[in-house]
Amino acid sequence: IGLDCAANEFFKNKKYVVDGRSLTTKQLVDFYAELVEKYPIISIEDPFAEDEFKAFADLKCKIGKKVMIVGDDLLATNPERIKKAIRSRSCSCLLLKPNQIGTVTEAIKAANLAKKAGWNVMASHRSGETNDPFIADLAVAIGARYIKAGAPCRGERLAKYNRLLRIEEQLS
């Protein structure tokens, strides 16, 4: 199971509102740790608000040996934010979105920076996606260990998975 928490959406007045309860950062760290003990979770994306580098680091320290801590809103595929996260030990995986940084060249630089730090890279489509399967090619080209393209229930998502299958056939 991979969770995309999108914590920016439930961060209100410096607290996290979960199921009607207002949690501190520490309480949310403990909540995620309980989930990881109870369920076969392999990654947690955006577990805290986008500027909470320390909270990400606290979670990584507590459960990071069992679970990838994935930065999307925290990192925004931005090398300066990635460097800050590396220094603060906030993540173990970059969610790579070329549209966040602007160019494919910049996205590749961001991926290389994350990989140099020993992180995983998860290439991701963008919301409002099209049938263009480019992200599958990029994921393979940079050696991303993961791709996030959504459940294979719509054509724009199937296009990515079908492209991965065609690449695999070519490489076999």
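Predicted model: local features only at pLDDT ≥ 70, side-chain atom pairs only at ≥ 80, totals over all residues.
Let me begin with the aromatic residues. A pair of aromatic rings is described by the distance of the centres and the angle of the planes. In this model the count comes to 6 aromatic pairs. One of them joins Phe-11 and Tyr-16, whose ring centres are 4.6 Å apart with the planes at 40°, and since that angle falls between the 30 and 60 degree cut-offs, the pair is classed as tilted.

Where do Tyr-16 and Phe-48 lie along the chain? Tyr-16 belongs to strand 3, residues 15-18, while Phe-48 sits in the loop between strand 5 (43-45) and helix 2 (53-63), so the pair ties together parts that are 32 residues apart in sequence. Phe-48 itself counts as buried, with a relative accessibility of 1%. Taken together, Phe-10, Phe-11, Tyr-16, Phe-31, Tyr-32, Phe-48 and Phe-56 make up one aromatic cluster.

Let me turn next to helix 3, which spans residues 79-88. At its start, a side-chain oxygen of Asn-78 comes to within 2.8 Å of the backbone nitrogen of Glu-80. Just after this helix, Arg-89 adopts a positive phi of about 55°.

The next residue I would like to show is Ser-124, which is found in strand 8, residues 120-124, and which is buried, with a relative accessible area of 3%. Which residues does Ser-124 contact once its neighbours within four places in sequence are left aside? They are Leu-95, Leu-96, Lys-97, Pro-98, Ile-135 and Lys-148.

Is Glu-156 buried or exposed? Its relative accessible area is 17%, and because the cut-off for buried is under 20%, Glu-156 counts as buried. The side chain of Glu-156 makes a polar contact of 2.6 Å with the side chain of Arg-154, and, neighbours within four places in sequence aside, Glu-156 is in contact with Glu-129, Thr-130 and Asn-131.

Notes: Residues numbered from 1 in each chain as written. Heavy atoms only, no water. Buried < 20%, exposed > 50% of the residue type's maximum accessible area, 1.4 Å probe, protein only. Polar contact = N/O pair within 3.5 Å; in protein donor to acceptor, adjacent residues only side chain to side chain. Contact = heavy atoms within 4.5 Å. Phe/Tyr/Trp six-rings, centres within 6.5 Å; stacked < 30°, edge-to-face > 60°. Helix = DSSP H or I, 4+ residues; strand = E, 2+ residues; numbered from the N terminus.
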